[in-house]
Amino acid sequence: LLTGRFTGEEEFTDEDRDEFFTQPKFTAAVTLAKELAELGDPGRLAIGWVLAQPGVVCALCPPLPPDEFEALVEAEPLDEATLQKLDELADRHGFI
């Protein structure tokens, strides 16, 4: 979702049992991802959110091409104002 490749109009089969891959939740998740992208790079926001959690000293990332990995390495813990914005977006779209 954070990559922006989904439109919210995808159709899934009965084998797609995850609650996030059913409507209307999937469309809400796509809308949330688009609004997150307006705040900054979604990958860096995700890593920054993880790093801002109490007791966390590092974040694990999946295998990525070197240029994408370098962008994530530069992520820093998010400040309180950004964390609050993320919470407000998640709440508005029903994910909190």
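**Aromatic pair and leucine core**

The model is predicted, so local features need pLDDT of at least 70 and side-chain atom pairs pLDDT 80 or more, while totals for chains, interfaces and linings use all residues. Residues are numbered from 1 along each chain as its sequence is written, and side-chain values use heavy atoms, leaving out hydrogens and water.

I turn to the overall picture. The protein contains four helices and zero strands, taken as DSSP runs numbered from the N terminus (helices H or I, at least four residues; strands E, at least two). Along the sequence the pattern reads α-α-α-α. The C-alpha trace spans about 40 × 30 × 25 Å along its principal axes. Of the 96 residues in the protein, 24% are buried. When contacts (heavy atoms within 4.5 Å) are taken between residues at least 6 apart in sequence, 66% of them join residues at least 24 apart.

Which residue does Phe 6 pair with? The count for the protein is one aromatic pair, under a rule that joins rings of Phe, Tyr and Trp (its six-membered ring) with centres within 6.5 Å and calls planes under 30 degrees apart stacked, over 60 edge-to-face and the rest tilted. Phe 6 and Phe 26 form this pair, edge-to-face, with 5.4 Å from centre to centre and 90° between the planes. Phe 6 belongs to the segment before α1 (25-39) and Phe 26 to helix α1, so the pair ties together parts that lie 20 residues apart in sequence. Phe 26 is also buried, with a relative accessible area of 1%.

Next comes the nonpolar interior. In soluble globular proteins, nonpolar side chains tend to be buried together. Here the largest nonpolar core has seven residues, namely Leu 32, Leu 36, Leu 45, Leu 78, Leu 83, Leu 86 and Leu 89; such a core is a set of buried Ala, Val, Leu, Ile, Met, Phe, Trp, Tyr and Cys residues joined through side-chain atoms within 4.5 Å. Helices α1 and α4 each supply at least two residues of this core. Its largest share, three residues, comes from α4.

Finally, what does Leu 78 touch, leaving aside residues up to four places away in sequence? Its partners are Leu 45, Gly 48, Trp 49, Ala 52, Leu 83 and Leu 86.

Technical notes
Buried means under 20% relative accessible area, exposed over 50%, partly exposed in between (1.4 Å probe, protein chains only).
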